[in-house]
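Work through the exercises below with the model open beside you. Try each task before reading its solution.

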Amino acid sequence: MLVLVAPGQGAQTPGFLTPWLDLPGVSGRLAEWSAAIDLDLVHYGTNADADEIRDTAVAQPLLVASALISAGQLFATQEDFARLVGATAGHSVGELAAAALTGVLSERSAMELVRKRGLAMAEAAAVTETGMSALLGGDPENVLPHLEKLGLTPANVNGAGQIVAAGTAEQLAALAEDKPEGTRKVIALKVAGAFHTHHMAPAVAALEAAVGELEVRDPHTRYVSNKDGRVVTGGQDVVRRLVGQVANPVRWDLCMETFKELGVTALIEVAPGGTLVGLAKRALPGVKTLALKTPDDLEAARALIAEHAADAAGPAE
């Protein structure tokens with residue numbers, strides 16, 4: 001069974017959209033979305049530097065656009081997607097790409113919503129200097145109480161020995177000086193705020209207002225939620241979870257447990273792939289993985305789909 005996943009914020013790098021623009025139709029789709037959300041996706045995906053694309057209001061639309069563009073090279077229609085993919089999930093903002101890929105939202109609606117999400121989260125992040133740091137290694141039984149002691153939130157519980165802490169700059173500085181027992185390394189992430197914490201509460205209210213008029217459909221393919229790793233079968237439930245997830249922890253560890261329970265045999269991470277494949281290699285031994293980074297990876301991705309999609313379960317269950 002094939003699982004398709006979409007990465008979250010921090011996966012972007014300068015120029016990462018450049019090679020995709022050589023493919024037919026890509027420039028036109030990006031131009032259409034850019035006009036709809038008043039953001040030049042081509043510029044930011046090709047010429048902008050690391051600081052420019054670190055901006056939450058820029059990074060989030062870029063990542064969803066990249067996910068949709070790259071997935072569109074593998075699946076010509078939603079019918080193809082539903083026939084070939086057994087389950088889909090996205091990490092944090094990647095959930096909006098997953099919502100579009102499974103038909104819950106149209107691509108344009110997903111792009112408009114992610115633009116509003118990015119702006120609202122950037123505004124919330126500007127209130128206090130906050131950020132996120134990844135802790136590598138360490139037992140959750142040691143890590144979680146230590147974070148609580150420092151006033152930090154385990155914003156991403158990613159599995160495979162990785163937990164991401166979020167909080168104020170002062171709290172994160174204290175963490176860097178005082179690592180939990182057994183933790184190998186603490187790495188500051190290239191994000192502009194303490195996402196998936198109470199610091200994002202104002203963004204939740206903004207998104208609640210934004211989703212009221214969206215046209216929402218039930219997913220045609222299993223949609224696995226960051227909230228609790230559950231398969232969500234109702235489109236309105238998916239959207240409610242997308243809104244609330246902004247201020248609540250991402251449980252990617254539970255998503256991977258669900259993939260395992262569903263019988264995953266292969267996992268493809270759409271562009272800019274790499275982070276989620278790295279987690280899967282450690283947490284899902286025996287599962288074949290592929291990170292879609294550039295169009296050069298498409299041939300290998302199609303071969304993996306041909307090999308593993310025969311057992312796709314089709315409609316969401």
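**Exercise 1.** Is Val231 buried, partly exposed or exposed?

Solution. This is a predicted model, in which local features need pLDDT of at least 70, side-chain atom pairs count only at pLDDT 80 or more, and totals for chains, interfaces and linings use all residues. Residues are numbered from 1 along each chain as its sequence is written, and side-chain values use heavy atoms, with hydrogens and water left out.
- Step 1. Set the cut-offs: buried means under 20% relative accessible area, exposed over 50%, partly exposed in between (1.4 Å probe, protein chains only).
- Step 2. Val231 has a relative accessible area of 22%, so the residue is partly exposed.
- Step 3. Strands (E, at least two residues) and helices (H or I, at least four) are DSSP runs, numbered from the N terminus.
- Step 4. Compare sequence and space: Thr221 is 10 residues from Val231 in sequence, and their C-alpha atoms are 9.7 Å apart.

**Exercise 2.** Find the strand order of the open sheet, then explain what sets β8 and β10 at its edges.

Solution. 
- Step 1. Two strands pair if DSSP finds at least two bridges between them.
- Step 2. The sheet has 6 strands with mixed pairing, in the order β8-β7-β2-β1-β9-β10.
- Step 3. β8 and β10 (288-291) each have a single partner strand, so one side of each lacks a neighbour in the sheet.
- Step 4. β9 (residues 266-269) pairs with β10 in the parallel sense, over 4 bridges. Glu269 stands opposite Ala291 in β10.
- Step 5. Helix α14 (residues 298-308) packs on this sheet and touches β1, β9 and β10. The direction of α14 makes about 150 degrees with that of β10. Axes are lines fitted to C-alpha atoms, for helices over the stretch in contact; angles run from 0 to 180 degrees between N-to-C directions.

**Exercise 3.** Describe the hairpin of β4 and β5.

Solution. 
- Step 1. β4 (residues 153-159) is mostly covered, with 5 of its 7 residues buried.
- Step 2. β4 and β5 (residues 162-168) run antiparallel, joined by 5 bridges. Thr153 has Ala166 as its bridge partner in β5.
- Step 3. The hairpin has 2 residues between the strands, and Ala160 takes a positive phi near 55 degrees.

**Exercise 4.** What surrounds Thr88 and Leu4?

Solution. 
- Step 1. Contact means heavy atoms within 4.5 Å.
- Step 2. Thr88 lies in β2 (residues 87-90). At 1% relative accessibility, Thr88 is buried.
- Step 3. Beyond four places in sequence, the contacts of Thr88 include Leu4, Phe81, Thr221 and Tyr223.
- Step 4. Leu4, on the same criterion, is in contact with residues including Phe75, Val85, Thr88 and Ile268.
- Step 5. Leu4 is among the residues with the most contacts inside the largest nonpolar core, which has 83 residues. Helix α4 (residues 56-72) supplies the largest share, 9 residues. Such a core is a set of buried Ala, Val, Leu, Ile, Met, Phe, Trp, Tyr and Cys residues joined through side-chain atoms within 4.5 Å.

**Exercise 5.** Where should the coordinates be read with care?

Solution. 
- Step 1. pLDDT is the predictor's confidence in each residue, from 0 to 100.
- Step 2. The chain has a mean pLDDT of 94, and 97% of its residues reach 70 or more.
- Step 3. Over residues 311-317, pLDDT stays under 50.
- Step 4. Where pLDDT is low, the predicted coordinates should not be read in detail.
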